[in-house]
Amino acid sequence: MMEVIYYAACSLDGYIATADGGVDWLDPYQGGGEDYGYAEFYSSVEALLLGSRTYEVSLRLGEWQAPDKPSWVFTQRDLPIAHPSVTLTSEDPAAIVAALRERSLKCAWLMGGGELAASFRTAGLITRYMIFVVPIILGGGVPLFADAGERSPLSLLHAKPYPSGLVQLDYGVG
Ligand SMILES: NC(=O)c1ccc[n+]([C@@H]2O[C@H](COP(=O)([O-])OP(=O)(O)OC[C@H]3O[C@@H](n4cnc5c(N)ncnc54)[C@H](OP(=O)(O)O)[C@@H]3O)[C@@H](O)[C@H]2O)c1
């Protein structure tokens, strides 16, 4: 089975960005010697899956951050290619996951955002949720999932609080 892990940070009220796409509220948790398990997680994934708005935010950061992994960007538009490892696709999520399986990949990072994550969830393609709950209430913004969809019962695999107040929640489906 291939793992598709939605790995993201969200506010206590369930937002992954402010309404204008801002993620400055994550700044206090970057650098400072604590990586919240990111290096280990990153080394465990073999592919990245991004919605176009998340990709556009990454493009603005400058150098492509994941040149060593293939990335698929879901879009109907003709966006700039940040690096040869990046593929734009207008296929649906199930077709791309099937293509990854055919390549014998075992683990993909669904980076988000909330709109793409909702499509993956609706199609039953997410196998695991690794969500970092950040101790902040944003009061509005881009939700973890763009639409509610159906209920998904989850099983807690792991939970870890950090001294900063951030809590890592790791859930499997079912
Ligand atoms: N806190 C975190 O950990 C975290 C993680 C990821 C993202 N973010 C933030 O979330 C924001 C972006 O999230 P978002 O929900 O607005 O957008 P998104 O999910 O990143 O991108 C949505 C866009 O992807 C394209 N798309 C193509 N196929 C799709 C499909 N099957 N399902 C859904 N979308 C598809 C569509 O645009 P076109 O076809 O028109 O291109 C759609 O509008 C950014 O501000 C980013 O910084 C935060």
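This briefing describes the core, the strand pairing, the ligand shell and selected backbone features of one structure.

The model is predicted: local features need pLDDT of at least 70 and side-chain atom pairs count only at pLDDT 80 or more, while totals for chains, interfaces and linings use all residues. Residues are numbered from 1 along each chain as its sequence is written. Helices (H or I, at least four residues) and strands (E, at least two) are DSSP runs, numbered from the N terminus.

**Nonpolar core**

- The largest nonpolar core has 38 residues, and V4, Y6, I16, L49, A108, W109 and L110 touch the most other members.
- Such a core is a set of buried Ala, Val, Leu, Ile, Met, Phe, Trp, Tyr and Cys residues joined through C-beta atoms within 7 Å.
- A residue is buried if 20 or more other C-beta atoms lie within 10 Å of its own, exposed if 12 or fewer, and partly exposed in between, with C-beta atoms placed from the backbone.
- The elements that each supply at least two residues of this core include strand 1 (3-11), strand 2 (15-17), strand 3 (47-51), strand 4 (71-74) and helix 3 (93-102).
- Strand 1 gives the most to the core, with 7 residues.
- Not counting residues up to four places away in sequence, L110 touches V4, I5, Y6, L49, A117, F120 and I126; contact requires C-beta atoms, placed from the backbone, within 7 Å.
- In soluble globular proteins, nonpolar side chains tend to be buried together.

**Strand 6 and its partners**

- Strand 6 is largely enclosed by the rest of the structure, because 5 of its 6 residues are buried.
- Strand 1 and strand 6 run parallel and are joined by 4 bridges; pairing requires that DSSP finds at least two bridges between two strands.
- Within this pair, V4 stands opposite A108.
- Strand 3 also pairs with strand 6 in the parallel sense, over 4 bridges, and L50 stands opposite G112 of strand 6.

**Helix 2**

- T54, Y55 and S58 are buried in helix 2. They lie on the same side of helix 2 because they cover an arc of only 100 degrees around the axis, taken from the directions from the helix axis to the C-beta atoms.
- Strand 3, strand 4 and strand 6 are among the elements that cover these buried residues.
- G62, with a positive phi near 100 degrees, follows helix 2.

**Ligand shell**

- The ligand is surrounded by 26 residues, of which G21, G51, S52, G112 and G113 are the closest; a residue counts as near if its C-beta atom, placed from the backbone, lies within 6 Å.
- Strand 1, strand 2, helix 2 (52-60), strand 6 and helix 4 each supply at least two residues of the shell.
- By class, the shell holds 12 nonpolar, 10 polar and 4 charged residues. Ala, Val, Leu, Ile, Met, Phe, Trp, Tyr, Cys and Pro count as nonpolar, Asp, Glu, Lys and Arg as charged, and the others, Gly among them, as polar.

**Backbone features in loops**

- Most residues other than glycine have a negative phi, and most peptide bonds are trans.
- The peptide bond from G112 to G113 is cis, with omega near 0 degrees, and G113 lies in the loop between strand 6 and helix 4.
- Y36 has a positive phi near 55 degrees and is placed in the loop between strand 2 and helix 1 (38-44).
- S104 has a positive phi near 65 degrees and sits in the loop between helix 3 and strand 6. S104 counts as exposed because it has 8 C-beta neighbours inside 10 Å.

Key:
Contact = placed C-beta atoms within 7 Å.
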